[in-house]
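Reader: I am new to this structure. Please show me how to read a few features.

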Amino acid sequence: AGRADFTGDDAMTRSEERLTARTETRESGRARLRKYVVTEEQQVTVPVTHEEVRVEREPITDENREAALRGPEISEAEHEVTLHEQRAVVEKETVPVERVRLTTEEVQGEETFTEQVRKERIEAEGDIGEDGRTP
């Protein structure tokens, strides 16, 4: 029913347990960044052009007659045209697109604990009146 603690006078000391809380930091997990390479297909459409030969024939008219009569009457001849085309050339280049890092942030929360605590009680016994005095 409690301990009697007399300190030279006739008074008793009543004590009780109280809960106090503190925090401690400990390792709770680990996170890491890992870089790896994947291959995926990418399509690029490139418009290209090329030249084709077309034979044009025109009748002799008053406008082109002089040009037509400039050469020899009957002969053999050749005329050559060089054809051109565009080709698509695909090149790869490595370009940086993003920087990635791990950071930590503190998130505030609460934890509630329930513990049993002991308290001392002091009661008077014997011939004591309602006002605490002896009758």
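Author: Start with a term. A polar contact is a pair of N or O atoms within 3.5 Å; within protein, one must be able to donate a hydrogen and the other to accept it, and residues adjacent in sequence count only if both atoms are side-chain atoms. Here, the side chains of His50 and Glu52 make a polar contact (2.9 Å). This is a predicted model: local features need pLDDT of at least 70, side-chain atom pairs count only at pLDDT 80 or more, and totals for chains, interfaces and linings use all residues. Residues are numbered from 1 along each chain as its sequence is written, and side-chain values use heavy atoms, with hydrogens and water left out.

Reader: Which residues does His50 touch, not counting those up to four places away in sequence?

Author: Contact means heavy atoms within 4.5 Å. By that rule, His50 touches His84 and Glu85. The C-alpha atoms of His50 and Gln86 are separated by 6.0 Å, yet these residues are 36 residues apart along the chain.

Reader: Is Glu120 buried or exposed?

Author: Buried means under 20% relative accessible area, exposed over 50%, partly exposed in between (1.4 Å probe, protein chains only). Glu120 has a relative accessible area of 15%, so Glu120 is buried. The side chain of Glu120 also reaches the backbone nitrogen of Ser15, at 2.5 Å.

Reader: What does the UniProt annotation that covers residues 12-123 say?

Author: UniProt positions are given in the numbering used here, feature names are shortened, and annotations may be inferred rather than shown by experiment. The unreviewed UniProt entry gives "domain: DUF2382" for residues 12-123.
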